[in-house]
Amino acid sequence: MTEPIIRPATLTDDPALAELDRRTWSPLHAVTARPRPAGPFFDDRSRPDGLLVAEVDGAVAGYIRLGTPTPLPCNAHVRQIQGLAVDDRVRGRGVARALLGAACEEARRQGATRITLRVLGHNTPARRLYASEGFAVEGVLPGEFLLAGEYVDDVLMGRPL
């Protein structure tokens with residue numbers, strides 16, 4: 001596998017991102033319903049802005065969404081990771097780590113001084129990755145989601161940039 005290339009998303013990525021989203025959906029990390037079999041990835045609420053794509057060997061292999069946690073001016077110094085997915089075929093090869101690094105760089109470029117994320121309490125692999133990249137648990141919302149009949153914590157993590 002070659003090193004992942006991280007780049008901004010474009011509208012032409014829609015089919016590949018939609019397929020990746022369908023293949024990687026899991027109650028381990030998703031609180032939303034399973035994506036529709038033929039639905040688009042981008043819509044009126046979800047545009048390419050703020051989305052970075054990882055390509056491996058010329059194919060879309062992952063993405064990370066970077067946004068603002070609120071529209072408030074007093075919160076403008078914070079960016080939030082609002083989605084991360086990596087194709088199972090390249091999992092464990094540094095794609096998620098490369099996407100996280102690129103998201104932190106982009107947040108800094110935008111003038112942010114802090115970055116946050118939310119992760120489900122039972123998603124141990126993601127929590128380990130985030131901790132290894134300097135994210136610390138800053139709060140826990142116990143039993144925040146009912147997923148597949150189980151109450152799952154919502155873990156809030158963050159780090160300075």
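Which side chain does a polar contact of 3.1 Å join to that of Ser-46? Open the predicted model and find out.

**Stop 1: Ser-46.** Select Ser-46 in the loop between α1 (14-24) and β2 (51-56). Now show Arg-65. Its side chain and that of Ser-46 are joined by the 3.1 Å polar contact. Ser-46 has a relative accessibility of 13%, under the 20% cut-off, so Ser-46 counts as buried. Leave aside the neighbours within four places in sequence, and Ser-46 is in contact with Phe-41 and Arg-65.

**Stop 2: the rings.** Move on to Phe-41. The whole structure holds three aromatic pairs. In one of them, the ring centres of Phe-41 and Tyr-63 are 5.1 Å apart, and the planes meet at 70 degrees, so this pair is edge-to-face. Phe-41 sits in the loop between α1 and β2, and Tyr-63 in strand β3, so the pair ties together parts 22 residues apart in sequence. Both Phe-41 and Tyr-63 are buried.

Stop 3: Select Ala-16, Glu-19, Leu-20, Arg-23, Val-56, Ala-59, Val-60, Ala-61, Asp-87, Arg-89 and Val-90 to display the lining of the second largest pocket. The volume of this pocket is about 150 Å³. Which element gives the largest share of the lining? Colour α1: it supplies four residues, the largest share. α1 and β3 (59-67) each supply at least two lining residues. Finally, colour the lining by residue class. Seven residues are nonpolar, four are charged and none is polar.

Methods:
Residues are numbered from 1 along each chain as its sequence is written. This is a predicted model: local features need pLDDT of at least 70, side-chain atom pairs count only at pLDDT 80 or more; totals for chains, interfaces and linings use all residues. Side-chain values use heavy atoms; hydrogens and water are left out. Buried means under 20% relative accessible area, exposed over 50%, partly exposed in between (1.4 Å probe, protein chains only). A polar contact is a pair of N or O atoms within 3.5 Å; within protein, one must be able to donate a hydrogen and the other to accept it, and residues adjacent in sequence count only if both atoms are side-chain atoms. Contact means heavy atoms within 4.5 Å. On a 1 Å grid over the protein atoms alone, a cavity is a set of points where a 1.4 Å probe fits but cannot get out, and a pocket is an open set with protein on both sides within 12 Å along at least five of seven lines; lining residues have an atom within 4 Å of a point. Grid points are joined across faces, edges and corners, and a volume is the space filled by probe spheres set on the points. Ala, Val, Leu, Ile, Met, Phe, Trp, Tyr, Cys and Pro count as nonpolar, Asp, Glu, Lys and Arg as charged, and the others, Gly among them, as polar. Rings of Phe, Tyr and Trp (its six-membered ring) pair if their centres lie within 6.5 Å; planes under 30 degrees apart count as stacked, over 60 as edge-to-face and the rest as tilted.
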